Amino acid sequence: SIFIAEGDPISIDLQVATSRPVNAMGGTVAYTPNILSADAVTRTGSIIDLWSEDPIIADAEGEIHWSGGIVEQAVSEKQQLGKVFTIEMHGAHAGKATLTMKDGQLLSGDGIGTNVFSGASTLTIYVRAPGTPSPDINKDGELSLADINQLYLKTFGSFDPSYDLDQDQDLGWGDVVTLVTLMRSEPSGGK
């Protein structure tokens, strides 16, 4: 998970990992458009050396379409992990967003282009309003029961604005409920 405030920039590398040599790949990166906004895609350091479709940002839909190939045979035989491109984004509005690959293709260099794509990880990005504390109370990169427990224990101490998730100038059950609600919520915007 990533935790940012509205307006904060983030860079996300799209990585490919495969146990078989591939020579073509493509797909669509999907993200929650009303929470995140894609600003640019950079191909510096990409394992792809021939782009059949340059990365195209469709920000209103929350998608980045792309496809390309690896021409140099030595690279496709040895490369099993590599960066495809970097997405430059920023938090547009407060909420919970996801970023994932859909319609992914990793075409094997087996002579018939067998698709060896087996799935993708989903990245969760929490965007908060400017000036509000991060909901990642224990700073471990995840929202979990450990955060709820630590926040609950803080409600018995003196006021600390870094735990005032509901911004009411008090530490109490409202902050715990805010955290639980955020953990249980679906990504905003339906993507």
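Gln 169 counts as exposed because its relative accessibility is 57%; here exposed means over 50% relative accessible area, buried under 20%, and partly exposed in between, using a 1.4 Å probe on protein chains only. This is a predicted model, where local features need pLDDT of at least 70 and side-chain atom pairs count only at pLDDT 80 or more, while totals for chains, interfaces and linings use all residues. Residues are numbered from 1 along each chain as its sequence is written, and side-chain values use heavy atoms, with hydrogens and water left out.

Back to Gln 169: you'll find it in the loop between H2 and H3. Helices (H or I, at least four residues) and strands (E, at least two) are DSSP runs, numbered from the N terminus. Most residues other than glycine have a negative phi. Gln 169 is not a glycine, yet it has a positive phi. Lys 139 is another such case, and it sits in the loop between E9 and helix H2 (145–154). Here are the two together.

| Residue | Phi | Relative accessibility |
|---|---|---|
| Gln 169 | about 65° | 57% |
| Lys 139 | about 60° | 60% |

Now for the rings. Rings of Phe, Tyr and Trp (its six-membered ring) pair if their centres lie within 6.5 Å; planes under 30 degrees apart count as stacked, over 60 as edge-to-face and the rest as tilted. By that rule there are five aromatic pairs. Phe 3 and Tyr 126 are stacked, because their ring centres are 5.1 Å apart and their planes meet at 5°. Phe 3 belongs to strand E1 (residues 2–5) and Tyr 126 to strand E9, so this pair ties together parts that are 123 residues apart in sequence. Both Phe 3 and Tyr 126 are buried. Tyr 152 and Trp 173 make a tilted pair, 5.5 Å centre to centre with 45° between the planes. Tyr 152 is partly exposed at 31% relative accessibility, whereas Trp 173 is exposed at 59%. Ring pairs also join Trp 51, Trp 66 and Phe 85 into a cluster.

Trp 51 turns up again next to Ser 46. Leaving aside neighbours within four places in sequence, Ser 46 is in contact (heavy atoms within 4.5 Å) with Trp 51, Lys 83 and Val 84. Ser 46 lies in the loop between strand E4 (36–42) and strand E5 (50–58), and it counts as buried because its relative accessibility is 19%. Its side chain reaches the backbone nitrogen of Ile 48 at 3.0 Å.

Finally, the pockets. On a 1 Å grid over the protein atoms alone, a pocket is an open set of points where a 1.4 Å probe fits, with protein on both sides within 12 Å along at least five of seven lines; lining residues have an atom within 4 Å of a point. The largest pocket holds about 450 Å³ of space. It is lined by 25 residues, and the closest to its centre are Leu 14, Gln 15, Met 101, Ala 120 and Ser 121. Strands E2 (9–17), E3 (22–31) and E8 (95–108) each supply at least two lining residues.

The second largest pocket has about 200 Å³ of space. Its lining includes Tyr 126, Arg 128 and Leu 182. Strand E9 (123–128) and helix H3 (173–184) each supply at least two of the lining residues, and E9 gives the largest share, three residues.

Terms used
A polar contact is a pair of N or O atoms within 3.5 Å; within protein, one must be able to donate a hydrogen and the other to accept it, and residues adjacent in sequence count only if both atoms are side-chain atoms. Grid points are joined across faces, edges and corners, and a volume is the space filled by probe spheres set on the points.
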